[in-house]
Amino acid sequence: MLVYTHGDKLVYLNLFKNMTIDTSAARLKILETASELFYQKGIQHVGINEVIAESGVAKRTLYRWFPSKDKLIESVMEHRAQQWIQWFENAVTERGNTPKERLLATFDVLRDWYASPGFRGCPFINAVLEIADASHKAHHISIDLRESIRQIIMRLAAETGVQNPDAFSRQYLLLIGGASLMATIEQSPDGATFAQSALSVLIDASLNKSLI
């Protein structure tokens, strides 16, 4: 998500909403299959032949859409990032009636994600850790996703009335990063509960400063 000014208003744009996503059934099948295999086994442990076998598409069909494994990884990451940010925004909106409630609800949403069957950590963090080349598109997509999350939080923080929404949103990223890491290592959603408590303290402190 990006932000720009229009008159005296801030306008927020989701970085992934304007992506051109081909909805071909075969392409979508390949993306969904590769996404699940990469997540469950790790990107480096899944070959093109396994994706072909599991998806049931012809080899030439896969290579028509994805001429290399790197292109497949990039497309899977874009596809998953778009799905994730839309899910996150919608789920948070449904959980609260006020901006402050929605801020706190972000960790209710994340707790449910961490507790879901088959959770193996954040797929975007996993991809960055697996792919050492910082110039790989997977890194850029993960960075864009973090920025989309930050912009959502910054908007909610501004609507809540915190003093410095930009700094607040960056502090939030530390909380979500820690909670996700704890969920991955300990296989427990409890990190979201602890992060939510810390977020509540952070919100109250930010609101108190704005009243001084």
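Student: Which helix gives the most to the lining of the second largest pocket?
Tutor: Helix 1, with 5 residues. Keep in mind that this is a predicted model.

Student: Which helices each supply at least two residues there?
Tutor: Helix 1 (25-41), helix 4 (69-95) and helix 6 do, for the lining of the second largest pocket.

Student: What volume does the second largest pocket have?
Tutor: About 200 Å³. The lining holds 15 residues, and F38, Y39, P123, N126 and E130 are the closest to the centre.

Student: How does that lining divide into nonpolar, polar and charged?
Tutor: The second largest pocket has 7 nonpolar, 4 polar and 4 charged residues in its lining.

Student: And which domains does the lining draw on?
Tutor: Domain 1 (22-67) and domain 2 (70-211). Each provides at least three residues of the lining of the second largest pocket.

Student: Switching to the largest pocket. How much space lies in there?
Tutor: About 290 Å³. Its lining has 16 residues. C122, F124, I125, R146 and I149 lie nearest the centre of the largest pocket.

Student: Which helix gives the most to that lining?
Tutor: Helix 8, with 5 residues in the lining of the largest pocket. Helix 6 (123-130), helix 7 (137-160) and helix 8 (165-186) each supply at least two.

Student: What about residue classes in the lining of the largest pocket?
Tutor: By class, that lining has 12 nonpolar, 3 polar and 1 charged residues.

Student: Let's look at helix 6. Which residues are buried in it?
Tutor: P123, F124 and A127 are buried in helix 6. Seen down the helix axis, the buried residues of helix 6 fall within an arc of 100 degrees, so they line one face of the helix.

Student: What do they pack against?
Tutor: The buried residues of helix 6 pack against helix 1, helix 4, helix 5 (99-115) and helix 7.

Student: New topic: I30. Where is it found?
Tutor: In helix 1.

Student: Is I30 buried or exposed?
Tutor: Buried, because its relative accessibility is 0% and the cut-off for buried is under 20%.

Student: Which residues does I30 touch?
Tutor: Leaving out residues up to four places away in sequence, I30 touches V51, S55, V57, L62, W65, F66 and L72.

Student: And how far apart are the C-alpha atoms of I30 and I52?
Tutor: They are separated by 7.6 Å, with I30 and I52 22 residues apart along the chain.

Methods:
Residues are numbered from 1 along each chain as its sequence is written. This is a predicted model: local features need pLDDT of at least 70, side-chain atom pairs count only at pLDDT 80 or more; totals for chains, interfaces and linings use all residues. Side-chain values use heavy atoms; hydrogens and water are left out. On a 1 Å grid over the protein atoms alone, a cavity is a set of points where a 1.4 Å probe fits but cannot get out, and a pocket is an open set with protein on both sides within 12 Å along at least five of seven lines; lining residues have an atom within 4 Å of a point. Grid points are joined across faces, edges and corners, and a volume is the space filled by probe spheres set on the points. Helices (H or I, at least four residues) and strands (E, at least two) are DSSP runs, numbered from the N terminus. Ala, Val, Leu, Ile, Met, Phe, Trp, Tyr, Cys and Pro count as nonpolar, Asp, Glu, Lys and Arg as charged, and the others, Gly among them, as polar. Domain bounds come from an automatic or database domain assignment. Buried means under 20% relative accessible area, exposed over 50%, partly exposed in between (1.4 Å probe, protein chains only). The arc is that of the directions from the helix axis to the C-beta atoms. Contact means heavy atoms within 4.5 Å.
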